[in-house]
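Student: Could you take one part of this model and go through its backbone with me slowly? I am new to it and would like a careful, connected account.

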Amino acid sequence: MTAAEQVKEILEWAKWAPSGDNTQPWRFEIVSDGQVNVHGFDTRSHCLYDLGGQASHLALGALLENMRLAATRFGLSARIVERAGCSEEAPVFEVTFEAESLAEDPLAEMIKIRSVQRRPYRLDPLTPEQKNILESSVGPNYQVLWFESFSQRWAFASLTARAGKLRLTIPEAYAVHRAIIQWGAQFSEDRVPDQAIGLDALTLKLTHWIMERWERVEFFNRYLAGTLLPRIQLDFIPGLACAAHFALVARAVPDSLRDEVEAGKALQRFWLTATQLKLQLQPEMTPLIFRRYATQGISLSARKNAQPLAERIACVLDQWMGGKEQADRVVFMGRIGRSVSARARSTRLSLIRLHWPGTS
């Protein structure tokens with residue numbers, strides 16, 4: 001395999017990094033047989049869930065970690081340098097591949113297997129060995145908090161369901177959901193297929209019909225408890241049916257693009273390690289994102305009741321994280337446990353469509 005072919009193969013693997021709603025906020029510029037420039041972008045201007053570009057920056061970190069891991073399949077190292085002078089909304093990372101005769105990192109084989117499983121998991125608790133391996137995967141600058149008991153899982157299920165109510169009743173979130181779901185699909189290159197959401201077939205059909213118009217959403221929410229069934233199926237039951245909830249906590253409060261990208265690298269190692277241990281994972285970022293709106297004093301919605309709800313979510317989350325200081329350092333939350341692999345999933349755009357400048 002030539003050097004040029006190796007670079008393309010590395011990118012074919014790297015592109016499987018997770019990103020919020022499968023936005024894939026990166027484009028690849030192949031500069032030479034040994035260098036690729038990764039052009040990042042974020043969706044803060046139109047996506048409620050990408051406050052300050054943080055979700056996109058985490059995804060970029062996961063992508064860069066994938067590039068490093070995939071390079072080891074060819075004995076290469078990946079030197080990653082952030083280009084100076086770029087804005088946080090459009091960062092550029094220069095990645096140079098160098099021959100080092102490295103052994104393939106075992107996590108590399110997990111890159112294409114890793115996925116999101118949104119349905120209930122088995123209740124088998126994680127073993128001490130599994131937790132130790134997962135905690136070691138994130139490196140010395142992060143720690144993992146575990147919430148495993150029934151009362152803790154109940155609390156987190158309730159918290160995500162509360163965030164779910166807010167998510168399903170504000171027009172700003174509706175606009176995002178309507179744009180990112182691909183209906184009638186098992187797979188999607190650039191969105192989330194409806195079969196991967198976690199709803200049963202009947203509720204899924206009803207939800208599709210309701211979401212065609214915001215007026216229908218408002219009617220069902222106001223008169224027919226429209227959020228109740230989705231929150232039970234998407235938040236509460238999965239929140240109880242898992243081995244544990246977890247929080248990835250940085251040693252210092254992330255306050256820069258670099259910090260958020262580094263957090264994304266640690267997250268990807270954690271997620272790939274979970275995959276290696278035959279565990280499934282689902283992000284639970286909505287409460288954390290709504291907390292950031294509340295603590296930073298940023299208006300979440302035109303709806304007057306949205307901000308007080310976000311503030312209550314922030315209060316509960318702070319209590320479970322052991323106080324505001326530690327909650328400020330949480331970079332990711334999720335649930336984990338044993339389950340079958342997801343049958344429906346988001347795939348990825350082709351390298352041609354991911355080519356810089358390219359189009360999505």
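**A close look at the backbone**

Asn 22 sits in the loop that runs between helix 1 (3-14) and strand 1 (26-32), where helices (H or I, at least four residues) and strands (E, at least two) are DSSP runs numbered from the N terminus. The model is a predicted one, in which local features need pLDDT of at least 70, side-chain atom pairs count only at pLDDT 80 or more, and totals for chains, interfaces and linings use all residues. Residues are numbered from 1 along each chain as its sequence is written, and side-chain values use heavy atoms, with hydrogens and water left out.

Although Asn 22 is not a glycine, its phi is positive, at about 60°. Most residues other than glycine have a negative phi, and most peptide bonds are trans. With a relative accessibility of 4%, Asn 22 counts as buried, a term that means under 20% relative accessible area, while exposed means over 50% and partly exposed lies in between (1.4 Å probe, protein chains only).

A positive phi is also found at Ala 225, a residue other than glycine, where the value is near 50°. Ala 225 belongs to the loop between helix 7 (214-223) and helix 8 (228-240), and at 47% relative accessibility Ala 225 counts as partly exposed.

To complete this look at the backbone, the peptide bond from Trp 356 to Pro 357 is cis, with omega near 0°, and Pro 357 is placed in the segment after strand 12 (345-346).
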